[in-house]
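Dear colleague,

I am handing over the structure we spoke about, and below it you will find what came out of going through it. Please keep it open while you read.

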Amino acid sequence: MRILITGGAGFIGSHLAEAYLENGDEVYIIDDLSTGSLDNVAHLKQKGAYHRRLFVHIDTIMNRDIMMELVGTCEVVHHLAAAVGVEYILNNPMESITTNIQGTEIVLELCNKFKKRVLIASTSEVYGKHTHAPLIETDNIIYGPSSKFRWSYAASKLMDEFMSLAYFRTTGLQVTVARLFNTVGPRQTGSYGMVIPRLVGQALRSEPLTIYGDGNQTRTFTDVKDVVWAFMRMVEIEEAFGQVFNVGGREEVSILALAQRILAATGSSSELQFIPYDQAFGKDFEDMQRRVPGIEKINALIGFDPKTSLDAILTRVVNYMRKRTDGV
Ligand SMILES: NC(=O)c1ccc[n+]([C@@H]2O[C@H](COP(=O)([O-])OP(=O)(O)OC[C@H]3O[C@@H](n4cnc5c(N)ncnc54)[C@H](O)[C@@H]3O)[C@@H](O)[C@H]2O)c1
């Protein structure tokens, strides 16, 4: 099969590309390298058999002509290209909205034109500032005012969901929405605020581990391998079309406890340093206290029940980052 992965040189996209190549498929990637990197797919280019089945286009999804060619060529599209993460959005406010809304509109319009199956990567951010757990797909959505710009990421991804569902309702487009909760693993970068690579990097460099707020906010973390497994199945199943699914882990952990486990996993004696949100992100910032997914819906669809423990994930990330930084 021919698979198009937008954002395929990014963290999740590169793992998805690898899994499809292992499967014997042909993989087409489009990525503008804004947060991704050719390093993420360099090892695939070097593997002889993969080399002939991997096609990497350095371009933006806003280039409709190249997107027309790529969507026309492939049978399945995984749309992962996006301005990702609250920190990146706060630093690139205008471009982020354009990529996340107009970019997705181009993907959906072309998938509809050529009648291609498509998975849209959304985010747990769309739930907004709930404090209850678990969050389920039918929950209400609660945002702060538009003056708090962090909500633009959630709102832009929510608009992607609405567009996807509108296409399904009006034209029968075979589209599935995956609401990803924190996904982690090797190749994720800490440069745009992602918490695990950021804290592991600090621990390995013997710098203080910087925790925003009091550290009592909780998250769950899913191994990227488990997410890739789910994505590959979700695009194959008819009952998934026109539906939104949480994709996330079960183990709820506070950021403070996470930092302590990272110290144990790295053997680092770094101190913990608490940074008030307004100092880290400006006065308009607000965080979500808890973010835990209900995964019954996706479990019923494909038996998704991620088993990789947080400690196993941390070991994998620490080993990867040690190798990259040569222990520094
Ligand atoms: N990693 C997570 O925890 C997480 C959580 C929720 C949602 N998601 C979603 O999953 C998807 C992948 O995220 P990721 O964690 O791999 O991040 P990432 O930043 O590594 O991947 C995004 C990729 O998209 C590319 N890109 C951005 N704008 C583009 C454009 N206009 N044209 C072409 N390429 C473009 C980037 O260069 C990057 O390679 C995103 O849609 C993100 O919103 C991720």
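Is the crossing of H4 and H6 left-handed or right-handed? In this model, which is predicted, the crossing of these two helices is right-handed. The contact between them is made by Arg64, Met67, Met68, Val71 and Gly72 on the H4 side, and by Ile106, Leu110, Cys111 and Phe114 on the H6 side. Sorted by class, that contact holds seven nonpolar residues, one polar and one charged. Helix H4 covers residues 64-73 and helix H6 residues 93-114, and they pack at an angle of about 45° with their axes 10 Å apart; an angle between 35 and 65 degrees counts as oblique, and H4 and H6 are therefore oblique to each other.

Turning to the sheet, you will see that it is open and has seven strands in the order S3-S2-S1-S4-S5-S6-S11, with parallel pairing. Its edge strands, S3 (54-58) and S11 (243-247), each pair on one side only. Within the sheet, S5 and S6 (residues 175-180) run parallel and are joined by six bridges, and serine 122 has arginine 179 of S6 as its bridge partner. Helix H7 (residues 151-171) packs on the sheet, where it touches S5, S6 and S11, and its direction makes about 155° with that of S5.

Finally, there is the ligand, which has 29 residues around it, and of these Gly7, Gly10, Thr35, Gly36 and Ala82 come nearest. The shell divides into 14 nonpolar, 13 polar and two charged residues, and its largest share, three residues, comes from H1.

Best wishes

Note on methods:
Residues are numbered from 1 along each chain as its sequence is written. This is a predicted model: local features need pLDDT of at least 70, side-chain atom pairs count only at pLDDT 80 or more; totals for chains, interfaces and linings use all residues. Axes are lines fitted to C-alpha atoms, for helices over the stretch in contact, and angles run from 0 to 180 degrees between N-to-C directions. Helices (H or I, at least four residues) and strands (E, at least two) are DSSP runs, numbered from the N terminus. Angles under 35 degrees count as roughly parallel, over 145 as roughly antiparallel, 65 to 115 as roughly perpendicular and the rest as oblique. A crossing is left-handed if the near helix is turned anticlockwise from the far one by less than a right angle, and right-handed if clockwise. Two residues are in contact if their C-beta atoms, placed from the backbone, lie within 7 Å. Ala, Val, Leu, Ile, Met, Phe, Trp, Tyr, Cys and Pro count as nonpolar, Asp, Glu, Lys and Arg as charged, and the others, Gly among them, as polar. A residue is near a molecule or strand if its C-beta atom, placed from the backbone, lies within 6 Å of it. Two strands pair if DSSP finds at least two bridges between them.
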